[in-house]
Amino acid sequence: MLKKIALAALCLSSLCGTAVAQDAATVIANARNALGNVRSIVYRGSARDVAFQQCGANAAQMICYGTHDPMRPIHNYVRVIDLDAPTSRHAGDTLNVAGGPSTELVAGKFFQQVTPEQADLSQPWGASLELYITPWGFLEGAARRNATATRAVIDGKPYTVLSWSPEVKAPSGASYRIDGYVNEQNLIERVETWLGENIMGDMHIVAEYLDWMDFNGTIAPTRIVQTRGGWPYFEVHVKDAQANPANIASIAPAPERPAAPGGFGGASQSFEIIKEQLGDGLFRYTTAGFSYDSLVVEFEDHIMMLEAGQNQARAQAYVDEIKRQFPGKPIRYVMVTHPHSDHTGGLPVLVAEGATIIAHENAREFFERAFGTPRTLLDDALARNPRVPRIETVSDMRVYSDGKRTVELYHVYPAPHSDALLIAYFPKEKVLFQGDFSVIPGEPANDHVQALVATIERLGLDYERYINVHASAEPQTRADVEAAMRLRKERASN
């Protein structure tokens, strides 16, 4: 279906030869009338979401099976759309893994919103589009932004396609575009747009509105499915809907301290790089204060970088330092421990350098799709120097060696965090490098660390130094891991 949607988008850009210009104002008026000409709407039910590029381990599913699998359930879900404010809010209850290194289940609150300030179409598209990809918000934007209308047939079904652009431009200077597919009943079945995303390039965002029904005079879809970059992202099953409620401002209020909205890409930063030599031709790169660490391996005629530094700014700083330290030696490889956004954020810099990505085979499809996407909305190193990377994958293990230096890569599974977790082991230096198996002094080992220790014991890895991508306050050793495991067993027996 996604391929057909993409093909339809390409056809629309060229009008497919058969598309006929329509009276957009009439299409908008008819669609608004079909939706009841509402100025606000509230719908309730259940939902599922996921943190982008991750999975939502929860009370029902503690193991990560793949990208965005599982998604986390949201109970008592409610969504508010107010076109006069304009604003959008949705909220609900969760019972999921606490996040970070913890695998404890914690009751929590889901809340996201588009504020009136964010809804201004001259403001960043990433912050406002969640309002405008709803049928009601889309039609409001279409009326304000001089939408155009064309005809298209998808899977044998005719649609009128409304298209418009917000005032704000992409970082590249290109215009964003948003399309809404109106069926013969004047109901919007799908809204799609594109947003520049650090890994996914011109990320395709599709929201489908399915199985519309009449809730006591209020017309609303009963199923809503949103994908980003072709991956499941958000789903809603609507059980009830109400148009123009009198108490709209009091429904799903913002918490006292809402979480700061996330963003795509990364701001320009400067870093003080600190290098630690771990062995002959093996270095740990870290930065003062909060850091995502990388290991740098000097082979005879090239460099391997393990982890790409969290974001493009740190990755570029590490790359510049590698070039100073090892002049004339290309960065041939960059290994990624797993495909979560804080571990892949620096990859565009390394891909622009021509580096081959090393990842677990479960992540191949994700990286191939991500780096096979155009980057016309972005202005970064890879957009300015487009490349499609070579991807080498690891199954259970893989060894890289030039006879002097050896890196062994191993898969850790099953684990709650990802199905594509790799660790690196340096047998000569007795160094273990890993992504998200954090050991906190004085705290028992969590389920992530237990999964790692089971793998280490099965493989018989004789390590002394224990290095986390998420830099620890002090150097850690095997003794720290074993102490955390003892605490876990002690607390389990009490």
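The following legends describe close-up views of a predicted model.

**View 1. Packing of helices α2 and α4.** Two packed helices are described by the angle between their axes and the distance between the axes. Helix α2, residues 24-34, packs with helix α4, residues 135-144, at an angle of about 155 degrees, and their axes lie 10 Å apart. Because angles over 145 degrees count as roughly antiparallel, α2 is described as roughly antiparallel to α4. The crossing of the two helices is left-handed. By residue class, the contact of α2 with α4 comprises five nonpolar and two charged residues, with no polar ones.

View 2. Most peptide bonds are trans. Pro86 belongs to the loop between β2 (72-82) and β3 (87-99).

**View 3. Positive phi at Asp211 and Asn216.** Most residues other than glycine have a negative phi. Asp211, although not a glycine, has a positive phi of about 55 degrees. Asp211 is placed in strand β9, residues 201-215, and is partly exposed at a relative accessible area of 47%. Asn216, likewise not a glycine, has a positive phi of about 50 degrees. Asn216 is located in the loop between β9 and β10 (218-228), and its relative accessibility of 80% places it in the exposed class.

**View 4. The open sheet from β19 to β24.** Strands of a sheet pair through backbone hydrogen bonds, either parallel or antiparallel. Six strands make up this open sheet, in the order β19-β20-β21-β22-β23-β24, with mixed pairing. The edges are formed by β19 (397-401) and β24 (476-477); each has a single partner strand, so one side of each is left without a neighbour in the sheet. Within the sheet, β20 and β21 are paired in the antiparallel sense over five bridges. Val412 stands opposite Leu421 of β21.

**View 5. Helix α10 across the sheet strands.** Helix α10, residues 447-459, lies across β20, β21, β22 (431-434) and β23 (465-468). Relative to β20, α10 runs at about 125 degrees.

Notes: Residues are numbered from 1 along each chain as its sequence is written. This is a predicted model: local features need pLDDT of at least 70, side-chain atom pairs count only at pLDDT 80 or more; totals for chains, interfaces and linings use all residues. Side-chain values use heavy atoms; hydrogens and water are left out. Axes are lines fitted to C-alpha atoms, for helices over the stretch in contact, and angles run from 0 to 180 degrees between N-to-C directions. Helices (H or I, at least four residues) and strands (E, at least two) are DSSP runs, numbered from the N terminus. Angles under 35 degrees count as roughly parallel, over 145 as roughly antiparallel, 65 to 115 as roughly perpendicular and the rest as oblique. A crossing is left-handed if the near helix is turned anticlockwise from the far one by less than a right angle, and right-handed if clockwise. Ala, Val, Leu, Ile, Met, Phe, Trp, Tyr, Cys and Pro count as nonpolar, Asp, Glu, Lys and Arg as charged, and the others, Gly among them, as polar. Buried means under 20% relative accessible area, exposed over 50%, partly exposed in between (1.4 Å probe, protein chains only). Two strands pair if DSSP finds at least two bridges between them. Contact means heavy atoms within 4.5 Å.
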